Amino acid sequence: MAEFAVWAPIPERVRVDVDGTLHEMTGSADGWWRADVDAATGARYGFVLDDDPTVLPDPRSPRQPDGVHARSALWRPDPSAWTDGDWAGAPIDGRVIYELHIGTFTPGATFDSAIEKLDYLVDLGVDFVEVMPVNAFGGTHGWGYDGVLWYAVHEPYGGPDALVRFIDACHRRGLGVLIDAVFNHLGPSGNYLPRFGPYLSSGSNPWGESINISGPDADEVRTYILDCALRWMRDFHADGLRLDAVHALVDTTAIHILEELSAETDALAEELGRPLSLIAESDLNDPRLITPRDRGGLGMTAQWDDDIHHAIHAAVSGERQGYYSDFGSVETLAQTLRHGYFHAGTYSSFRHRRHGRPLDTATIPASRLLAYTLTHDQVGNRACGDRPSQNLTFGQLAVKAALVLGSPYTGMLFMGEEWGSSSPFQFFTSHPEPELARATAEGRKREFAEHGWDADEIPDPQDPATYERSKLKWQEIDEGEHGRLRHVYRQLISLRHNEPDLANPWLDDMQVDYDEDRRWIVMQRGSLVIACNLGAEAVDVPVTGEVVLAWDDPSAVDANSTTLPARSFAVLRRS
């Protein structure tokens, strides 16, 4: 006997269809409908609302074997499938995270094929794998941010059983797993939630209609979000979540939903006896997000920090368009590395207003901010999805890596960056609805044409070739400069793990020096110095010591200075 339950305050009659047979459900004043029906694991079911004969998938569907428009299937986690009973978990602070997209990480594009590359990640030295959204979405392949059934696992990746195998395999190798969760909007294909209840608000954000988390009947919608978030960590053993674009979660209640989720996550961590982490993506530069709840904050473990990315990328590459307009100088890079945010109550020319709030570096450690040289956003949201490796020298890529991995911030890599992958990561979709497919492709071209791009150069998201181009080319990892860069990444990560000075998370203990004209910058972290030459000419840097690691050999000038070749870095141990 299985209990079927659904929150549906809008319809006046709800029935559940189980394997083709309709059963009446009993409603209650709180909008919930329930029925007990004989059904085995794997049974196909859905709900019929009022007199419409259409069978709709369960809003809390545990599995969608036939796509987001079809019936749901009963699925429960099998306790015997887990072999990670001795996994104690780990905090993310100061660790190295590896962001990947299951559909392009390997040629097989599944959780099981990704398992075959986990030993590679262990050898690289990363501590956590962060998977881009794996919830059910329309079509066979896409980025995953247009999910509509948040509880179900995307079936083309292997479905929920394969996700169990993947996380279990990660834990057996000492790798933590973070899952990217999207709670700020729903995708355009397969969103039947408004038929059941007031899941959406009257507002909108750049990706669609906003979620009702503070309007009438919002309590059940909030519970829907919280239960989904906890399910990834409880039922699938994930070690935490990356929360997409939390600035789009418009919450006017006294207890913000992120604060509530933080408290619930801490309670679950205590119950499970292992750390659980919440990493927020936010463009607000608001330190209250990562301030503990008992100090008036929202209690997120960490947040993505785009200012660090922009400061590093613009200074190394010279790009100054769009949101890079306030970045590019070595001074800006030094200021951002010292303070965590560049925009901290200062004027943003891109936004045409003041932006951000200062980070209290005496009370909030740098490890609460994630630093990176690129992410899926910073690549995929470029017009052609080109990576820095397609525009910069390997020396410049190495300098960017040294600035991230030598910093006190929690480090993050995007799949393939460690060898300078030549594959782009383009925006791709596979909407089965012709009108939606056409609108997506035309909208993408129109958006970038407005910013001066030739519309004919913009890849069609619906073209299968766009997806195939975005897959990693694993044959590159040991080829020439690719292999050399990967070796340097591996050594930089090893230094983070083994050098106590690099584990210090306090920005007030780090000294940053620079020379704008000669384009060098130095981070001093205890006995270690990370010296970088961003320029096209060799420069003398006023530091010296034993060379621990370098891209291109530096040479000592005298007792007080070292010559760095063009576009290179060196890690020195001061005597």
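Q: Is the crossing of helix 6 and helix 7 right-handed or left-handed?
A: In this predicted model, helix 6 covers residues 218-234 and helix 7 covers residues 257-272. The two helices pack with their axes 10 Å apart, at an angle of about 35°. Their crossing is right-handed.

Q: Which residues of helix 7 meet helix 6?
A: The side of helix 6 in this contact consists of Arg222, Ile225, Leu226, Ala229, Leu230, Met233 and Arg234. In helix 7 they meet Ile257, Glu260, Leu261, Glu264, Thr265, Leu268 and Leu272.

Q: How many residues in the contact of helix 6 with helix 7 are nonpolar?
A: The contact includes Arg222 and Arg234 of helix 6 and Glu260 and Glu264 of helix 7. By class, the residues divide into four charged, one polar and nine nonpolar.

Q: Is Thr265 buried or exposed?
A: Thr265 lies in helix 7. Leaving out residues up to four places away in sequence, Thr265 touches Leu230, Met233, Leu276 and Leu278. Its relative accessible area is 1%, and a residue under 20% counts as buried. Thr265 is therefore buried.

Q: Why do helix 8 and helix 11 count as roughly antiparallel?
A: Helix 8 (residues 306-317) and helix 11 (residues 394-405) have axes 10 Å apart. Angles over 145 degrees count as roughly antiparallel. The two helices pack at an angle of about 150°, so they are roughly antiparallel to each other.

Q: Which residues of helix 8 make the contact with helix 11?
A: The crossing of helix 8 and helix 11 is right-handed. On the side of helix 11, the contact is made by Gln396, Val399, Lys400, Leu403 and Val404. By class, the contact has five nonpolar, two polar and one charged residues. On the side of helix 8, the residues are Ile312, His313 and Val316.

Q: How many salt bridges does a search of the whole structure find?
A: One of the pairs is Glu155 with Arg63, whose side chains meet in a salt bridge. Another is Arg573 with Glu499. The search of the whole structure finds 30 salt bridges.

Q: How many residues apart in sequence are the parts that Glu155 and Arg63 tie together?
A: The side chains of Glu155 and Arg63 meet in a salt bridge of 2.7 Å, N to O. Glu155 lies in the loop between strand 11 and helix 4, and Arg63 in the loop between strand 6 and strand 7, so the parts tied together are separated in sequence by 92 residues.

Q: Which residues does Asp123 contact beyond its neighbours within four places in sequence?
A: Asp123 lies in helix 3, residues 118-124, and at 39% relative accessibility Asp123 counts as partly exposed. The C-alpha atoms of Asp123 and Arg490 are 7.9 Å apart, although the two residues are 367 residues apart in sequence. The side chains of Asp123 and Arg490 also meet in a salt bridge of 3.2 Å, N to O. With those neighbours left aside, Asp123 is in contact with Arg486 and Arg490.

Q: Is Glu499 buried or exposed?
A: Glu499 forms a salt bridge with Arg573, and their closest N and O atoms are 2.7 Å apart. Arg573 lies in strand 29 and Glu499 in the loop between helix 14 and strand 22, so the pair ties together parts that are 74 residues apart in sequence. Arg573 counts as partly exposed at 27% relative accessibility. Glu499, at 14% relative accessibility, counts as buried.

Q: Where is Asp50 placed?
A: Asp50 is a residue other than glycine with a positive phi, near 50°. At 30% relative accessibility, Asp50 counts as partly exposed. Its place is in the loop between strand 6 and strand 7.

Methods:
Residues are numbered from 1 along each chain as its sequence is written. This is a predicted model: local features need pLDDT of at least 70, side-chain atom pairs count only at pLDDT 80 or more; totals for chains, interfaces and linings use all residues. Side-chain values use heavy atoms; hydrogens and water are left out. Helices (H or I, at least four residues) and strands (E, at least two) are DSSP runs, numbered from the N terminus. Buried means under 20% relative accessible area, exposed over 50%, partly exposed in between (1.4 Å probe, protein chains only). Contact means heavy atoms within 4.5 Å. Axes are lines fitted to C-alpha atoms, for helices over the stretch in contact, and angles run from 0 to 180 degrees between N-to-C directions. Angles under 35 degrees count as roughly parallel, over 145 as roughly antiparallel, 65 to 115 as roughly perpendicular and the rest as oblique. A crossing is left-handed if the near helix is turned anticlockwise from the far one by less than a right angle, and right-handed if clockwise. Ala, Val, Leu, Ile, Met, Phe, Trp, Tyr, Cys and Pro count as nonpolar, Asp, Glu, Lys and Arg as charged, and the others, Gly among them, as polar. A salt bridge is a side-chain nitrogen of Lys or Arg within 4 Å of a carboxyl oxygen of Asp or Glu.
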